[in-house]
Amino acid sequence: MLWHSCGTWLQGKRMSVPVPATISARNAPMDHLRNRHFLVADLLLIPLVVYSSFVLRLEQLEPGQYLPGLLLMALAAGLVTPLFLFWAGIYQQYWRYASAGELLQLFGVVTLAGVTIGLVSLAAGMLLPALTIPRSVPLIVLPLLLGAVATPRLLLRIWSSRMPRHEPASKGQPVLIMGAGDTGAMTVRELRYSARLKLRVVGLLDDDPAKRGMCIHGVIVLGDRSAIPALVRQYGIATVIIAMPTAPGKEVRAILQICRAAGVQTLTVPGFSELLDGRTSVSQLRQIEISDLLRRAPVQTDIAAVHQLIQDRVVMVTGGGGSIGSELCRQVLRAGPAELILLGHGENSVFEAQNELAAMARECAPTGQAIGVKAVIADIRDARRLQATFERYRPSIVFHAAAHKHVPLMEENPVEAITNNVLGTRNLLNSAVATGVEHFVMISSDKAVNPTSVMGASKRVAEMLVLQTARTSGRPFVAVRFGNVLGSRGSVVLTFKRQIAAGGPVTVTHPDMRRFFMTIPEAVQLVLQAAVLGSKGEVFMLDMGEPLKVVDLARDMIRLSGLEEGRDIDIAYSGLRPGEKLFEELFAEGEQYTPTCHSKIFIAGNASGRVPSELTRAVAELERSAEENNDEAVLKQLHALVPEYQRPGYPALPVAPASQPFRSPLEHPAALAQTCRPLTPT
């Protein structure tokens, strides 16, 4: 334990720290100081420490009879301490940017060296009486040794962190920083050292009343967000920097509106992923993006449970070339599967995804041997091709992301929706059961709840097939529902971007249309968590947060582009398209929802009990109608199979009453007090 507590002890890796150019420039007079100089200082100071310890113990300058022991101890200290420091990587540290962690590591290593020196010296005195030393000397050596080794490094750290001389305040553009946390403090420091930006931080702002009046790196917290207009007028502020990388999008949106009303520019700091990989520094500010406004609290993923499920198993992802499928592949690779099978129909997207994943697989391999990434071009409607693929690769886990998802297109092509979304899912399930697949996770949609579109109804039938197979096979085959995903190929955000670039108008179907939005990584993380939770055939519903008006999203994107609605670009309302509805629903009546141990995942445990007994026969009829390209017959049969399907011109069929009244866990918080299912792979 003592060796482990020294941190990175004997790790054999040299640590490299990216250094912003602006900070390096300001420390140019100290650039000549390197770790070789610390080695020289250690070799000079360590023997002096040993001598000083004898002087303090004997209260005289002459060691007298203890001279042989002093020389031996000085020699041992001069050899052991630098050797331990070298092995622990202390001489590879960049002490100009050292933190408390490096200091604790230094103290641990020096303490271990001091104890070793003391034991060696005392043991030598026991073997050879001429080398005897006072027993209290090692206790005196230890604190002096810590001080001698740490002091030069601390002095360099203090010198490097001194406040640089600035140009007169009047020459810097006055700015405010919203957020007085760790990121806000880092931003203050970086802006002080940045000769390129030439910004003068007038003050910090934070909504935490406890921080009011505090001074951080010489800058005072002047108030909360409501103080922005007054401070803009008082100090002539031109820019407000939002340094709140984990704040919800709702908070960022509110601050942005205040800044717009005050007539000031708004910038934000780079995301943590950009900072961690060394591509940028906090001082490299950027414009607010739509993802900042839609940001939600980070998803807390049980990484250990996901890894336990996936590690050393063969995993197949259908639709692997798509936006959701490719992200699933990325996150699956990080869990260390034995092999990843990328199955898709579009050769170009699969080719691009395979190239990216193959490079990533070499980095994710825990033992240095790259994880195998196999690309299979196949149509899930081809049952024979699927069966041959499953028999060849024998996957243990299947993530089914392949589907037709465009609502208006599927309204015009209902046969395609059935053959791909319904029959393709059936083919996959048959092959999965035949080859012993242990886990099957289907990516469904919130449009499957009380569907008004062919796409939504086809996904609902696909869910039924998954649940039926789970019930008959006894295996954890599950479906996961979630809403719109930012950045996916069918995302409205990409459509709005193209329309804004073309000069408008930006088309919105209806002023009251609302949708739920998630980012691709967040959705995929929750899908992986749901895979861990699945046991006997359930439907999982992801907590999508608050719905957002699509017209508000369009307005935000127009403003973020530096344009103004009505002056530079217009918003046009085109009316609801076939199959669309104003509000997407998260919970279906008749399904009994209970929470899981993951706060963002709900489960409909009774979903498999709502599968109609004639499902197999009804799907066979759908297949015959699809083979005949009979759109009207397909729609009638789909309406009969999914009673809640609200097709225009057809009255909604009665739905069998649930055994208990409908309860949405979001509308009834008391439901969250129920016993949750642990995150343990089955």
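Reader: Is Gln499 buried or exposed?

Author: Gln499 is buried, because its relative accessible area is 17%, and buried means under 20% relative accessible area, whereas exposed means over 50% and partly exposed lies in between (1.4 Å probe, protein chains only). Please keep in mind that this is a predicted model, in which local features need pLDDT of at least 70 and side-chain atom pairs count only at pLDDT 80 or more, while totals for chains, interfaces and linings use all residues. Residues are numbered from 1 along each chain as its sequence is written, and side-chain values use heavy atoms, with hydrogens and water left out.

Reader: Where is Gln499 found, and what does Gln499 touch?

Author: Gln499 is found in helix α19, residues 492-501; helices (H or I, at least four residues) and strands (E, at least two) are DSSP runs, numbered from the N terminus. Leaving aside residues up to four places away in sequence, Gln499 touches Gly504, Pro505, Val506, Thr507 and Ile569, where a contact means heavy atoms within 4.5 Å.

Reader: How many helices and strands does the chain have?

Author: The chain comes to 23 helices and 22 strands, and 50% of its 682 residues count as buried. Among contacts between residues at least 6 apart in sequence, 76% join residues at least 24 apart.

Reader: Which strand pairs with β5?

Author: Strand β5 (residues 239-242) pairs with strand β6 (residues 265-268) in the parallel sense over 4 bridges, and two strands count as paired if DSSP finds at least two bridges between them. Within this pair, Val240 stands opposite Thr266 in β6. Together with helix α9 (residues 249-262), β5 and β6 make a right-handed β-α-β unit, which means that, with the strands pointing away from the viewer, the path from the first strand over the helix to the second runs clockwise.

Reader: Changing topic, how many salt bridges are there?

Author: The count comes to 16 salt bridges, each being a side-chain nitrogen of Lys or Arg within 4 Å of a carboxyl oxygen of Asp or Glu.

Reader: What is the salt bridge of Glu644 like?

Author: The side chains of Glu644 and Arg460 meet in a salt bridge at 3.7 Å, N to O. This pair links distant parts of the chain, 184 residues apart, with Glu644 in the segment after α23 (631-641) and Arg460 in helix α18 (residues 454-473). Both Glu644 and Arg460 are buried.

Reader: And how are Arg617 and Glu621 placed in helix α22?

Author: Arg617 and Glu621 are separated by about one helical turn, because they are 4 residues apart in helix α22 (residues 615-627). Their side chains meet in a salt bridge at 2.7 Å, N to O. Arg617 is partly exposed with a relative accessible area of 46%, and Glu621 is partly exposed at 26%. Elsewhere, salt bridges that share partners join Arg460, Glu463, Arg481 and Glu644 into one network.

Reader: Which residues make the nonpolar surface patch?

Author: Leu83, Phe86 and Trp87 make a nonpolar surface patch of about 290 Å². Patches are made of residues with over 30% relative accessible area and no salt bridge, with like charges joined within 9 Å and nonpolar side chains (Val, Leu, Ile, Met, Phe, Trp, Tyr) within 5 Å. Accessible areas come from the Shrake-Rupley method with a 1.4 Å probe, and for residues only the protein chains shown count as cover. Phe86 lies in helix α4, residues 67-87, and counts as partly exposed because its relative accessibility is 44%.
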